[in-house]
Amino acid sequence: MAFGQNIPPYVFEKKDKGIEIDIISAALAYKGHTLKPLYFPLARIPIAFKNKQVDAIMGDMGIDLKMHGGFYASPAVTYDNVFISLKSKNHVIKKPSDLDKLLVVSFQGAEKRYPNWLKKVEKEKRLFSISNQFTQVKLLHLERYDVVLSDRYIFRYFAKRLQSLNVFTLADVDEQNFTTEVPEDYRPVFRDEKIRDDFNFGLTKLKESGEFQKIYDRYMDI
């Protein structure tokens, strides 16, 4: 199964662990399947499926794979992207114009996902894409940027790591919702319909047992 490359706490490529991998592995195990993760740049994940390099992928990156033999499963995880700023700055972000004059750092491709919010920011060269999200957290706290657009769990993970490394004292931040994420954007896709059904069964069992939330909690308790 194809996953994105190293997206802590969702994917730790070198360890074959992470929230995404643990949830999918545990869900598949209910019906006796064993997960073998393979890692690709995000844009290549649907290509790997089309080229039959993998049996399944985590997310279609906006490309409908039904015509390529894909069976869509229930959402395994949902990335919860928010605007994050230092509480001391009192930034209130409720509409795109609230980002005027602010320097925004984000994950790569955010301007394509949220054009209504970021088109002007990008045009005025105030949008900076930094794939290393550990660096994003550091630069916000050093006040090099005004706002980070990040999944809240990813940001909290790296903030806690910085704290544990005693790099510097972290300031309080505000997390501001600006969109309603669509869980369907993060559905696993399987080539085999029965394995898709087995996965959905296992995912339901994980949630009913409480193990689903325990996996999240385990990675956030650094």
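Guide: Phe-12, Phe-134, Tyr-157, Phe-158 and Tyr-219 form one aromatic cluster. The model is predicted: local features need pLDDT of at least 70 and side-chain atom pairs count only at pLDDT 80 or more, while totals for chains, interfaces and linings use all residues. Residues are numbered from 1 along each chain as its sequence is written, and side-chain values use heavy atoms, with hydrogens and water left out.

Visitor: How many aromatic pairs does the structure hold?

Guide: A pair of aromatic rings is described by the distance of the centres and the angle of the planes. Here, rings of Phe, Tyr and Trp (its six-membered ring) pair if their centres lie within 6.5 Å; planes under 30 degrees apart count as stacked, over 60 as edge-to-face and the rest as tilted. The structure holds 14 such pairs. For Phe-212 and Tyr-216, the ring centres are 5.7 Å apart and the planes stand at 45°, so this pair is tilted.

Visitor: Why are Phe-212 and Tyr-216 separated by about one helical turn?

Guide: An α-helix has 3.6 residues a turn, so residues three or four places apart point the same way. Helices (H or I, at least four residues) and strands (E, at least two) are DSSP runs, numbered from the N terminus. Phe-212 and Tyr-216 are about one turn apart because they lie 4 residues from each other in helix 8 (residues 211–220). Both Phe-212 and Tyr-216 are buried (under 20% relative accessible area, with exposed over 50% and partly exposed in between; 1.4 Å probe, protein chains only).

Visitor: Which residues lie over the face of Tyr-153 and of Phe-49?

Guide: A charge sits over a ring if NZ of Lys or CZ of Arg is within 6 Å of the ring centre and within 35 degrees of the ring normal. Arg-156 takes this position over Tyr-153, at 5.8 Å from the ring centre. Over the face of Phe-49 lies Arg-191, at 4.0 Å from the ring centre.

Visitor: What covers the buried residues of helix 1?

Guide: In helix 1 (residues 19–29), 8 of its 11 residues are buried; among them are Ile-19, Glu-20, Asp-22 and Leu-28. Their cover includes strand 1 (2–4), strand 2 (38–40), strand 3 (56–58), strand 10 (188–190), helix 7 (193–209) and helix 8.

Visitor: Is Asp-198 buried or exposed?

Guide: Asp-198, found in helix 7, is buried, with a relative accessible area of 7%. Its side chain is joined to that of His-33 by a polar contact of 2.8 Å. A polar contact is a pair of N or O atoms within 3.5 Å; within protein, one must be able to donate a hydrogen and the other to accept it, and residues adjacent in sequence count only if both atoms are side-chain atoms. Neighbours within four places in sequence aside, Asp-198 is in contact (heavy atoms within 4.5 Å) with Ala-27, Lys-31 and His-33.

Visitor: Where is Asp-100 found?

Guide: Asp-100 is in the loop between strand 5 (81–86) and strand 6 (104–106). Asp-100 is partly exposed, with a relative accessible area of 30%. Residues up to four places away in sequence not counted, Asp-100 touches Lys-120 and Arg-126. Asp-100 and Val-121 are 21 residues apart in sequence, yet 7.2 Å apart in space, C-alpha to C-alpha.

Visitor: What does the secondary structure of the protein chain come to?

Guide: The protein chain has 8 helices and 10 strands. Of its 222 residues, 47% count as buried.
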